[in-house]
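Subject: Structure handover

Hello,

Here is the structure I promised to pass on. Please open it and keep it in view while you read.

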Amino acid sequence: MREISLHILDIAKNSVRAKATLITLGVEVDDAADTLVFSVKDNGCGMSEELLKTVTDPFTTTRTTRKVGLGLPLLRTNTELTGGGIEITSTVGVGTLVKATFGLSSIDRMPLGDLSETVITLVSGSPEVDFVLNVKRGEQEFCFDTAAIKQMLGVSVLDEAEVLQYLTEYVRENIVFIKDI
């Protein structure tokens, strides 16, 4: 993967496949600590301890369409190349948390990519799921919550093209403080 946002997309899609109804995405840039941390937390089916122990092995996958799963192994490698790493916690019936830490100034850190497009791709592709995006850098913070937007608009899903376009621009404008990442 060439961008961190694609890792976020991949993990969040795993959360959707795990029957999550709420997925919380976090991105925090800490310039002082020289880290970029992202997290994906869901309330999906969770993983057993046995699966959790092997989930970063490329030959471990729960998918039946192929025998190889490269998402988490590639993420682990990409974080480690920058001096970071990943943490994965999961409880069956409760959900999963994937947290990835990258060295911010590492020459080996890939760019963040288009986070707004990633989020709206998730929202439009899984309208039955509620997504929360929390972005923080220093004193600047932004929170995007699809449940609150659905309530405000009086709709149960966000699937209108014009609304999705507006939301893409809304997220992009409000996370400009991480644009250079």
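Below are my notes, starting with the sheet and ending with single residues.

This is a predicted model, in which local features need pLDDT of at least 70, side-chain atom pairs count only at pLDDT 80 or more, and totals for chains, interfaces and linings use all residues. Residues are numbered from 1 along each chain as its sequence is written, and side-chain values use heavy atoms, with hydrogens and water left out.

**The sheet**

Start with the strands. Helices (H or I, at least four residues) and strands (E, at least two) are DSSP runs, numbered from the N terminus. The open sheet has 6 strands, in the order 3-4-2-1-5-6. Its pairing is mixed. Two strands pair if DSSP finds at least two bridges between them. In general, strands of a sheet pair through backbone hydrogen bonds, either parallel or antiparallel.

Which strands stand at the edges? They are strand 3 (85-91) and strand 6 (140-145). Each has a single partner strand, so one side of each is left without a neighbour in the sheet. Neighbouring strands are turned by 10° against each other on average, direction ignored. Axes here are lines fitted to C-alpha atoms, for helices over the stretch in contact, and angles run from 0 to 180 degrees between N-to-C directions.

Now take the pairs. Strand 1 (residues 22-30) and strand 5 (residues 130-137) run parallel, joined by 8 bridges. Thr-24 has Val-132 in strand 5 as its bridge partner. Leu-25 stands opposite Leu-133 in strand 5.

Strand 1 also pairs with strand 2, in the antiparallel sense, over 8 bridges. Here Gly-26 stands opposite Ser-39 in strand 2. The two strands form a hairpin with 4 residues between them. Asp-34 in that turn has a positive phi of about 60°.

Strand 5 and strand 6 are antiparallel too, over 6 bridges. Arg-137 has Gln-140 in strand 6 as its bridge partner. This hairpin has 2 residues between its strands. Gly-138 in the turn has a positive phi of about 60°.

**Helices on the sheet**

Helix 3 (residues 71-81) lies across strand 2 (35-42), strand 3 and strand 4 (95-103). Helix 3 runs at about 30° to strand 4. Helix 5 packs on the sheet as well, touching strand 5 and strand 6. The direction of helix 5 makes about 60° with that of strand 6. Contact means heavy atoms within 4.5 Å.

**Helix against helix**

Two packed helices are described by the angle between their axes and the distance between the axes. Helix 1 (residues 4-17) packs with helix 3 at an angle of about 145°, with their axes 10 Å apart. From helix 1, the contact uses His-7, Asp-10 and Ile-11. From helix 3, it uses Gly-71, Leu-72, Leu-74, Leu-75 and Asn-78.

Helix 4 (residues 115-125) and helix 6 also pack at about 145°, with their axes 9 Å apart. Ser-116, Glu-117, Ile-120, Val-123 and Ser-124 come from helix 4. Leu-164, Leu-167, Thr-168, Val-171 and Arg-172 come from helix 6.

**The core**

The largest nonpolar core has 45 residues. A nonpolar core is a set of buried Ala, Val, Leu, Ile, Met, Phe, Trp, Tyr and Cys residues joined through side-chain atoms within 4.5 Å. Those with the most contacts inside it are Leu-25, Phe-38, Leu-75, Leu-115, Phe-144 and Ile-178. Leu-75 touches His-7, Ile-11, Phe-38, Ile-86, Val-98, Ala-100 and Phe-102, not counting residues up to four places away in sequence.

Is Ser-5 buried or exposed? Ser-5 is buried, with a relative accessible area of 1%. Buried means under 20% relative accessible area, exposed over 50%, and partly exposed in between (1.4 Å probe, protein chains only). Ser-5 sits in helix 1. Leaving out residues up to four places away in sequence, Ser-5 touches Leu-112, Gly-113, Asp-114, Leu-115 and Thr-118.

Val-157 is partly exposed, at 28%. Val-157 lies in the loop between helix 5 (146-153) and helix 6 (161-174). Beyond its neighbours within four places in sequence, Val-157 is in contact with Pro-127 and Lys-150. The C-alpha atoms of Val-157 and Ala-147 are separated by 9.0 Å. These two residues are 10 apart along the chain.

Best wishes
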